[in-house]
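Hello,

Here is the structure I promised to pass on to you. Have a look at it first, and then read on for my notes on what turned up.

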Amino acid sequence: MREFMDGAEAITRGALAAGCNFFAGYPITPATPILLRMLRELPKIGGVGIQGEDEIASIGMCIGAAMTGAKAMTATSGPGLSLYSENIGLGIMGEVPLVIVDVMRLGPATGGATTVAQGDVQFLRWGTSGGFPVIALCPTNAAECYALTQRAFNFAERFRTPVFIATDKEMISAQQSVETSTFENIPIADRARAPAEGEFVPYRVKRLADTPLFSPIGGAHLVRFTTSMHGERGILTKKPSNVNKTSRHLYEKIEAHRAEFELVAFDAPERAPTVVVSYGITARSMIEAARDARAAGKKVSTLTVHSLWPVPARALRDALRGATRVVVPELNFGQYRLEIERIALALDPRPQVIGVNRVDGELITPGEIEEQIL
Amino acid sequence: MHQEIIISGFGGQGALFAGQLMAYAALAEGRHVTWIPSYGPEMRGGTANCTVIISDDEIGSPLVRNPSAAMVMNPPSFERFEPLVQKDGVLIVNASLIATPSKRADIRVIAIPANEIAAELGAAQMANVIMVGALVAATGALKLETLDQILEEHISARHRDKIEANKKALRRGAALA
């Protein structure tokens with residue numbers, strides 16, 4: 001069926017398909033359409049949608065709901081994400097499943113509230129203290145908004161951690177005709193629960209890369225969540241061996257599973273000297289640029305990155321190997337180009353990495369990318 | 001068929017609605033379509049525009065730099081978009097507010113006193129619909145009957161008494177193209 005929808009609707013529908021039953025958020029352009037849809041849709045399925053008194057309260061409500069077993073989501077834009085920062089850390093340290101949609105808009109502070117940007121890419125990665133790994137997915141169209149939101153919930157459940165959806169103003173507010181019969185339904189994953197019988201140790205894992213079993217607040221066990229460095233019983237500790245174990249566990253449970261986060265689309269009809277790497281709304285200009293360039297007889301491959309964090313290093317290495325020129329268009333000063341350069345450095349021959357960047361609130365045109373395809 | 005259309009005016013003139021009307025009609029006609037709003041932090045009185053792409057083929061980038069057709073409802077929109085229209089493209093001008101004549105000889109310019117016609121038809125808010133009528137007639141992008149159907153489906157309950165007037169407005173515009 002051909003429907004007309006914006007990214008906000010596709011994300012909302014993906015969230016509901018994944019079993020989301022709690023949403024709290026505070027209005028902010030351009031994320032508000034997601035809040036409004038969730039407030040309208042959740043009561044219909046017996047879920048809870050709340051407009052919090054501010055961003056800090058809203059993400060706090062989501063964390064609380066997730067601790068009781070809910071599948072929670074919130075949505076905001078840059079300034080709201082700044083306010084989320086401390087509680088994102090709480091989610092990581094407490095091992096709380098949560099989906100956070102960041103609808104990127106231009107600039108620091110109130111910036112360009114109604115204009116597009118992709119300036120939060122490194123902020124998502126390093127936006128809370130400690131530098132622990134995070135997961136961030138990035139859709140380029142409505143079908144991917146639907147599918148990747150489901151995947152975000154599944155990752156949040158499986159690894160008990162906040163998962164970001166990095167999107168932008170144009171993706172959320174542009175409406176387009178989409179074939180919804182091709183929308184992909186991903187099998188739903190639920191967090192592994194502790195058996196009701198027997199002793200429950202909230203942060204016990206067999207291997208550091210494992211995710212602990214979950215028991216909800218208000219359930220069969222006494223449950224302890226903590227934001228402080230803790231041992232397996234969730235009690236504050238400064239004992240170096242315990243602290244080391246917890247730190248490494250939070251690191252390993254993501255890093256040891258990197259292969260699962262390698263979500264990319266590599267379009268290489270033939271080996272080409274130029275590879276263009278992009279993500280989100282900018283990837284659409286990239287795809288059009290490649291089509292035009294090929295029509296003009298040029299050879300080019302494209303790699304669309306759907307999982308920004310952790311960096312899909314293996315897929316990037318495979319795509320870049322043998323290329324002489326890598327073009328990275330993005331709506332910032334070159335934040336993801338840094339990651340591509342890291343990959344390129346280790347390759348022989350080492351390809352030249354070139355950025356195509358805009359920070360004026362306008363989209364990068366296919367023509368601006370095509371100019372860099374030689 | 002591939003049309004890249006920009007519709008621009010003051011907030012409150014119905015530029016975004018005019019674009020949505022065309023987008024829904026394009027969908028009803030089985031075409032691929034994108035609609036992107038662009039607006040400032042202001043509300044009524046600020047500038048607002050939207051971009052609509054209607055195509056028989058899948059649409060890649062929803063961005064339009066040089067539209068094949070533009071509909072400008074106020075002087076700032078005229079100044080901004082008149083130079084950008086593609087050669088052999090169409091420019092629909094709201095002559096009620098825009099006195100400047102177009103300097104472009106390589107495009108088709110249709111100047112319509114849309115505010116006056118709308119007032120004559122009974123509702124000043126219909127200037128946008130009159131201009132849509134001219135735009136679709138000049139470009140052949142959509143059928144008037146499809147727009148009728150979309151008006152019936154999308155005009156809010158409190159404005160239902162205006163549906164017939166809106167249909168008339170479409171046809172008045174189309175006759176001027």
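Strand β9(A) and strand β2 of chain B (residues 32-39) run antiparallel and are joined by two bridges. If you want a place to start looking, find A:Q176, which stands opposite B:T34 in β2(B). Please keep in mind throughout that this is a predicted model.

That pairing belongs to an open sheet of eight strands with mixed pairing. Which order do the strands take? Reading across, it is β1(A)-β9(A)-β2(B)-β3(B)-β1(B)-β4(B)-β5(B)-β6(B). The edges are β1 of chain A and β6 (108-112) of chain B, each of which pairs on one side only. From one strand to the next, the twist averages 20°. On the chain A side, β1(A) and β9(A) are antiparallel and held by five bridges; there, A:R2 has A:E179 in β9(A) as its bridge partner.

Now to the wider contact between the chains. How many residues does each chain bring? Chain A contributes 18 residues and chain B contributes 17 residues. On the side of chain A that touches chain B, at least two residues each come from β1 (2-6), β6 (112-116), α7 (169-173), β9 (175-179) and α9 (280-295) of chain A. The largest share of that side, five residues, is supplied by α9(A). By class, the residues of this side of chain A are six nonpolar, seven polar and five charged.

Helix α4 (residues 127-139) of chain B lies across β1 (2-10), β4 (69-72), β5 (90-94) and β6 of chain B, and runs at about 160° to β5(B). Elsewhere in the notes there is a helix pair: α3 (residues 114-121) and α6 (residues 163-175) of chain B have axes that come within 10 Å and cross at roughly 145°. The crossing of α3(B) and α6(B) is right-handed. Which residues meet there? From α3(B) they are B:I117, B:A118 and B:L121, and from α6(B) they are B:A165, B:K168, B:A169 and B:R172. The residues of this contact divide into five nonpolar, no polar and two charged.

Finally, chain A on its own. It has 12 helices and 15 strands, and its C-alpha trace spans about 65 × 45 × 40 Å along the principal axes. The radius of gyration of chain A is 21 Å, which agrees with a compact globule, because a globule of 374 residues would have a value near 21 Å.

Where the two domains of chain A meet, 26 residues of domain 1 are in contact with 21 residues of domain 2. On the domain 1 side, β6, α5 (121-126), β7 (135-137), α6 (142-159), β8 (162-168) and α7 of chain A each supply at least two residues. Which element gives the most to that side? It is α5(A), with four residues. The classes on this side of domain 1 of chain A are 15 nonpolar, seven polar and four charged residues.

Happy browsing, and do write back with any questions.

Best wishes

Technical notes. Residues numbered from 1 in each chain as written. Chains lettered and ligands numbered in written order. Predicted model: local features only at pLDDT ≥ 70, side-chain atom pairs only at ≥ 80, totals over all residues. Contact = placed C-beta atoms within 7 Å. Nonpolar A, V, L, I, M, F, W, Y, C, P; charged D, E, K, R; others polar. Pairing = 2+ DSSP bridges. Axes fitted to C-alpha atoms, helices over the stretch in contact; angles between N-to-C directions. Left-handed = near helix turned anticlockwise from the far one by under 90°. Rg over C-alpha atoms; globule rule 2.2 N^0.38 Å.
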